[in-house]
Amino acid sequence: MTHTPFPAATIIGYPRVGRFRELKKAQEAFWKGKITQDELRQAAADVQRTYYDRVIERGLSATDSSIPATFSYYDQVLDAVRLFTLVPQRLADAKDARGLLDLPGYFALARGTETLPPLEMTKWFDTNYHYLVPEIGPDTEITLNLEAIDEQLEVAKEHGVTVRPQLVGPLTLLLGAKAEQGSPEGFTPLDRLDDFVKAYRQVLAELAARGVQWVQLDEPGLTVDRDIPNAKIAELARKTYTALAAETNRPAILVTSPYGNLRENLPALLDTGIEALHLDLVSTLYDAEALTAFKDSGVTLVAGAINGRNIWRADLRALLHALQNINGGAVAVASSTSLQHVPHDLDLEDPADVPVDGLAFADQKVAEIVTLARGLADGESAVEAELKTADEALARFTADPRKHNAAIRERAASVKPQDFERPELKIRRDAQADLNLPKLPTTTIGSFPQTGDIRRHRAEARAGKITQQQLDEFLREEITSVIKLQEDLGLDVLVHGEAERNDMVQYFAENFDGFATTKHGWVQSYGSRCTRPSVLFGDVKRSGEGLRGEAVTVPWISYAQSLTDRPVKGMLTGPVTILAWSFVRDDQPREETANQVALALADEIADLEAAGIRIIQVDEPALRELLPLRRDEQPAYLAWSVNAFRLATSAVEDKTQVHTHLCYSEFNEIIDSINALNADVTSIEAARSHMELLADIPESYVSGLGPGVWDIHSPRVPSQAEVEELIRAAIGYGTISDLWVNPDCGLKTRDYEETKRTLKNVVSAAKKVRASL
């Protein structure tokens with residue numbers, strides 16, 4: 001069994017939605033019946049061909065397997081579900097007549113249909129990407145279906161590119177799956193490992209038969225501490241990859257380990273017979289002994305030296321010197337993670353809008369990788385021009401006066417312990433009693449549908465086609481409509497709908513100093529959902545004259561409150577989420593940046609209180625997202641992240657009810673920290689998991705809780721009976737004394753027909769259950 005050498009430069013993934021979100025537009029057109037399946041496939045092929053052209057233009061070879069076949073119609077884990085036809089019995093109708101998942105069936109598992117609920121969705125490790133959670137039971141059949149892989153291979157072949165198929169590895173797939181409903185007590189998907197090793201060996205043989213030279217198996221699941229002992233995981237890794245490497249007719253195997261440190265799994269994998277192993281050298285440090293072990297193993301070290309998670313320009317000279325000191329420079333150079341977490345191309349941005357001297361997007365990172373590989377191969381002098389260009393740009397960026405503000409730093413340094421404290425919950429509840437809310441109060445999370453009309457008016461204002469006054473008048477009309485709708489539906493606590501906001505983080509970035517926003521910096525969050533993370537590169541305060549700046553949200557919230565006697569929530573995005581969903585400066589500890597953002601939000605909260613707003617929601621959907629993957633690193637993060645939230649919210653009066661919101665995470669892992677936020681009410685995602693996560697909430701949790709009863713990431717409209725069942729399930733756990741009823745998340749991505757029908761069912765269900773208490 002002979003294989004071609006591993007390439008000197010590579011990436012382990014690339015943005016998948018297209019430079020101008022071409023895939024997103026085609027997906028949504030297909031879902032709406034506006035284009036055919038063949039037209040969707042053509043759009044997908046166009047995105048892939050553009051990807052190949054761009055990375056080849058920046059120096060990757062078209063012939064040495066340096067380019068991964070990284071495309072996905074929705075999600076890489078769902079791709080594995082399709083590859084092995086892992087369809088739980090409750091969703092069996094998603095299969096086609098052959099008993100396989102065709103493209104419509106694949107989308108049905110992702111999004112649900114009128115008759116089928118979707119698979120559960122959660123965060124992909126410590127990123128803002130979401131994956132679909134496979135459901136695997138002891139009797140789940142495994143049936144190979146290589147149609148999606150063959151489609152990618154065909155596009156690449158026709159384009160003259162030799163690609164490396166990219167698959168989720170067997171351990172990550174099983175560790176990230178959940179037991180199918182009805183599985184025996186104690187069963188875990190990992191119990192099926194032997195069956196999946198056999199299936200992966202079949203896939204390897206099939207790929208070899210197609211002429212594939214290298215295959216990439218992504219195993220970020222090996223960088224995480226779990227309830228399973230690390231030594232056992234390491235032994236399973238050794239066993240799994242020894243078996244896969246023993247397949248006589250297979251491509252060469254690259255195993256990747258983005259997002260963290262392999263620890264015990266590193267020596268285990270080096271002892272299996274795989275040909276190449278990728279290490280993330282950005283998010284973690286490996287000692288010299290660990291790196292030297294590659295020398296004797298015969299395994300190629302693929303050094304993930306270029307940050308795949310952030311957009312800062314690399315210090316190429318320093319990196320080149322560091323790589324030269326690893327095994328004498330005998331390494332391949334790669335991205336630390338897939339570049340799916342960064343935008344496509346910095347060249348699309350206006351230097352007047354973003355600090356381009358300090359930035360590198362996906363295409364620029366490919367060029368950085370190629371430069372480092374050439375420097376290792378041919379010497380520093382061969383790339384001196386590129387190194388000098390990087391040195392000069394970084395010097396200009398470092399000297400940018402927008403990065404530093406002495407007054408902001410002085411204020412952040414002067415905070416006292418009492419600035420993080422509120423009175424005990426009983427005192428606050430007594431002060432808030434005059435809100436006169438019923439049992440099971442109903443509310444929504446914040447945003448209402450962002451219609452085409454809203455987006456058009458904002459775009460026309462940016463283009464100067466309408467005045468700011470005209471835009472503001474339109475937005476007030478939209479807020480009036482949203483308030484009336486909520487009153488008509490019978491909701492207890494209202495929201496203004498956030499029509500003025502394009503994104504829950506970007507809106508604040510546009511009104512805070514220290515941020516820049518992009519025009520084309522789109523990053524996939526899940527499926528067709530894309531966000532434009534803001535660029536947090538300097539010290540932070542609200543924009544405007546003086547340190548305290550000017551109110552950002554108050555005019556809109558106050559207007560909404562003037563239209564109704566029911567309480568309207570003030571809506572803010574929390575400091576941790578603003579960091580998590582931005583590209584954050586790396587020249588100071590994140591704790592310092594978080595506290596600066598928290599103080600800017602505290603100013604806004606004070607202005608909301610002064611305007612008479614009694615309920616203020618500070619969303620932290622990303623609190624769990626940034627949690628380090630290794631347990632010994634988690635306490636420090638949880639301490640500063642909780643403190644940042646408390647710094648933002650602790651100056652409020654006792655009568656002000658503070659809400660927060662978290663979504664799509666394993667909340668049971670941080671329940672003590674959620675309690676420590678000291679919010680009065682916390683709303684969480686719970687609908688897709690059928691309230692299962694409430695089983696992990698301890699009696700020590702005493703604040704109000706709003707487990708979601710409507711999965712807003714699916715177009716399904718749940719019936720009143722379904723919502724009522726979820727409410728009663730939540731009550732059944734018996735540990736929550738102050739239970740709220742709300743959707744899982746904001747309604748920005750839904751349309752008004754779905755919203756009206758579902759909220760009517762939610763309110764009716766809450767009233768029916770309330771009457772029975």
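Is asparagine 678 buried or exposed? With a relative accessibility of 18%, asparagine 678 counts as buried, where buried means under 20% relative accessible area, exposed means over 50%, and partly exposed lies in between (1.4 Å probe, protein chains only).

## About the model

This is a predicted model, in which local features need pLDDT of at least 70 and side-chain atom pairs count only at pLDDT 80 or more, while totals for chains, interfaces and linings use all residues. Residues are numbered from 1 along each chain as its sequence is written, and side-chain values use heavy atoms, with hydrogens and water left out.

## The chain as a whole

Let's start with the overall picture. The chain has 25 helices and 21 strands; these are DSSP runs numbered from the N terminus, with helices being H or I of at least four residues and strands being E of at least two. The radius of gyration is 26 Å, close to the 28 Å that the globule rule gives for 773 residues, so the chain is as compact as a globular protein of that length. That radius is taken over C-alpha atoms, and the globule rule is 2.2 Å times the number of residues to the power 0.38. Along the principal axes, the C-alpha atoms fill a box of roughly 75 × 60 × 50 Å.

Of the 773 residues in the chain, 62% are buried. The chain exposes about 28700 Å², and carbon and sulfur atoms supply 49% of that area (Shrake-Rupley method, 1.4 Å probe; for residues, only the protein chains shown count as cover). Among contacts between residues at least 6 apart in sequence, 78% join residues at least 24 apart; a contact here means heavy atoms within 4.5 Å. As for charge, the mean positions of the 83 positive and 115 negative charges are 3 Å apart. Lys and Arg count as positive and Asp and Glu as negative, with His and the chain ends not counted, and each charge is placed at NZ of Lys, CZ of Arg, CG of Asp or CD of Glu.

Helix α4 (103–111) is mostly covered, with 8 of its 9 residues buried. The buried residues are Leu103, Gly105, Tyr106, Phe107, Ala108, Leu109, Ala110 and Arg111. They pack against α1 (22–31), α2 (37–57), α3 and β3 (130–132).

Helix α7 covers residues 193–209, 17 residues in total, and reaches 24 Å from its first C-alpha to its last, close to the 24 Å expected at 1.5 Å a residue. That expected span is 1.5 Å times one less than the number of residues. Its buried residues are Leu193, Phe196, Val197, Ala199, Tyr200, Val203, Leu204, Leu207 and Ala208. An α-helix has 3.6 residues a turn, so residues three or four places apart point the same way. Just after α7, glycine 211 takes a positive phi of about 85 degrees.

Two loop residues other than glycine are worth a look here. Threonine 85, with phi near 55 degrees, lies in the loop between α3 (76–84) and α4. Threonine 85 is buried, at a relative accessible area of 3%.

Asparagine 678, the residue from the opening question, has phi near 70 degrees. Asparagine 678 sits in the loop between α23 (671–676) and β20 (681–684).

Leucine 601 belongs to helix α21 (residues 590–610) and is buried, with a relative accessible area of 1%. Beyond its neighbours within four places in sequence, leucine 601 is in contact with Phe508, Phe512, Leu572, Thr573, Gly574, Pro575, Ile578 and Ala648. Lysine 541 is 60 residues from leucine 601 in sequence, and their C-alpha atoms are 8.6 Å apart.

Alanine 332, in strand β11 (residues 332–335), is buried at 4% relative accessibility. Leaving aside neighbours within four places in sequence, its contacts are Phe6, Pro7, Ala8, Thr300, Leu301, Val302 and Ala303. Alanine 332 and valine 658 are 326 residues apart in sequence, with 51 Å between their C-alpha atoms.

## Two glutamates in helix α24

Glutamate 724 lies in helix α24 (residues 720–732) and counts as buried at 13% relative accessibility.

The C-alpha atoms of glutamate 722 and asparagine 761 are separated by 9.0 Å, and the two residues are 39 apart along the chain.
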